[in-house]
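Dear colleague,

Please find the structure below, handed over for your records.

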Amino acid sequence: MKVLKLTPFFHHPDADSWPAAYDSVGGMQVQTWRQAVWLAQEGIHQHVMTIGFPGLPKLRQLHPLLWVERMLLPMPQIRSEFSGLIGLTQSWAVATLSALLRKRRTHDFDVIHSHLDGQIPALLVACLAPRLLRRPLILTVHCSRLAVYTPHSWLDMLQHRLARWLERKAVHTAFAVVALTQRTASQFTRDARHVEIVPDVVDTTQFAPPPQDDVTAFRKRHNLRRQTVGFVGRIAKEKGWQHLIPLAQALREQECELLIVGDGTQRGRLRHAIDKAGLQDWVTVTGFIPNHEVPLAMAACRLIVMPSAYEEFGGASIEALATGVPVVAFAVGGLPEILGGITPDLLIEPENTPELIARVNAVLAGRHSQSIDPARLRAYVEKRYAPSAMGARIVNLYRLALINSTKPVIP
C-alpha cells in the first residue's frame, strides 16, 4: 500500500534551526511527522508533500518507506506577524495541485491522507486531490473551523465563513474523517460517512523523565538559576503568550522564573513586552530547540502552563505529563478531555489570568502534590496516548478505504 500525505505542516527532524517565518514548529507538525514515521515502521509506504523551508533538500528519505517532498513556488518575502510569510500555504497549495495534475494518470498511490488545520489552501487541496487522482481520501482535522477555531484578525473573520463551508465540503468528500477529540467529532457526524476519534499521541520512550545530570546541564546552558515554570509552544496570539507577562511578574515576587521554549511570528512582541515590564532577568526565551531537547526543557520546570485562546487538542500537555510534569491550562478545546481525566483541578476558566497565577502558585506551594505525582501522570499517558493504538486504527482506515475503492459497482 502506498499513501500520499498532503499537509502544509510537517516537522523536519533533521533541521538544526527553523525560520519562524516558515511557520515555526508546533503540535501539528510534530504529530504528522510522528505518525508518518510510525506508519512507515508498520510497513506503510508514504510520500509526503509539505512546505519545508530553504536549506532543506527538495526530496529526502526519512525511512526506507517514507519520502518527504518540499512543495513551494517562488514567492515574495512579505512577512506577517500572524502567518509568517504572506502566501506561504497558498504557494504550497498551488505547487501541490500542479504536481498532482501532472501525476493524475501516472501515479501509483492507493490512498490520499490529508492533514489540515482550517486554512483555506489546505482545505482546497483536500477537496480537489481525490478528484484529480481518483483515490479515496482520509482526512485528519488538526484544528476545526467548525468546532474550535477562533478568528484572530479582521481578515481572518472575513474568510471564516468560506473556510467553514470548505471544511464541510472536505468532510463530505472524505471516505473517513479523523478527529482528535469527541467535541470535534460531534461536529462531523452529519456530513461525514465515517468519523474516527484518534487523539494525538506521544512517544513515551522519548518523553520520559530524563537523567538528572542532563536536566542540570540544560538548566546551566540556559542560565536557569531558580525554581522554574515553563511554556512550550509557538509564540503566537492563539497560544496566549500575553498571559505570560503578568504570570512572570507574579513569579518574580516568589523568586521564581519563567522559561519560554519555542519561536513564532510574534516573538518580537513578546520580547518587547518582557523588556517593558523589566523582566529580562526573570524570563528566558530559548527560541526553537530540536524536538529531542523538549523533554529536557519540560523536566527543567516545576510545571508547564498552557494559556491558549483555543486548542484542537493540546499535544504539549501529554508530552509534559509523560515527562512527569503537571500542566496548568485554560479549559479550551481538547484540554478538558485530556487534563479532566487526571488533574481537573488544574483546569481554569479561559482568559482568567488571576486564576492562572493563583493555580500556578498553589502548585509551587505543594498544594496539589498527590494529584501531580510524576508516576501517576506518566501512567495516565501510557494508558491513553501511546502510539500503538493510533497506528493500528489509521492502518485499518487505509485498508477499508482501499477495499471500498476497489469494490465492483453493482448496477
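Predicted model: local features only at pLDDT ≥ 70, side-chain atom pairs only at ≥ 80, totals over all residues.

Residues are numbered from 1 along each chain as its sequence is written, and side-chain values use heavy atoms, with hydrogens and water left out.

The whole structure holds 13 salt bridges (a side-chain nitrogen of Lys or Arg within 4 Å of a carboxyl oxygen of Asp or Glu). Among them, Lys-239 and Glu-311 pair with an N to O distance of 2.9 Å. Lys-239 is in the loop between strand 11 (227-232) and helix 7 (244-253), and Glu-311 in the loop between strand 14 (303-306) and helix 10 (315-322), so this bridge ties together parts 72 residues apart in sequence. Helices (H or I, at least four residues) and strands (E, at least two) are DSSP runs, numbered from the N terminus. Lys-239 is buried at 16% relative accessibility, and Glu-311 is buried at 8% (buried: under 20% relative accessible area; exposed: over 50%; partly exposed: in between; 1.4 Å probe, protein chains only).

Arg-221 forms a salt bridge with Glu-293, with the closest N and O atoms 3.9 Å apart. This pair also links distant parts of the chain, with Arg-221 in helix 6 (residues 212-221) and Glu-293 in the loop between strand 13 (283-287) and helix 9 (294-299). Glu-293 counts as buried, at 18%.

Arg-190 bridges to Asp-191 at 3.7 Å between the closest N and O atoms, and Arg-190 is exposed at 66%.

Yours sincerely
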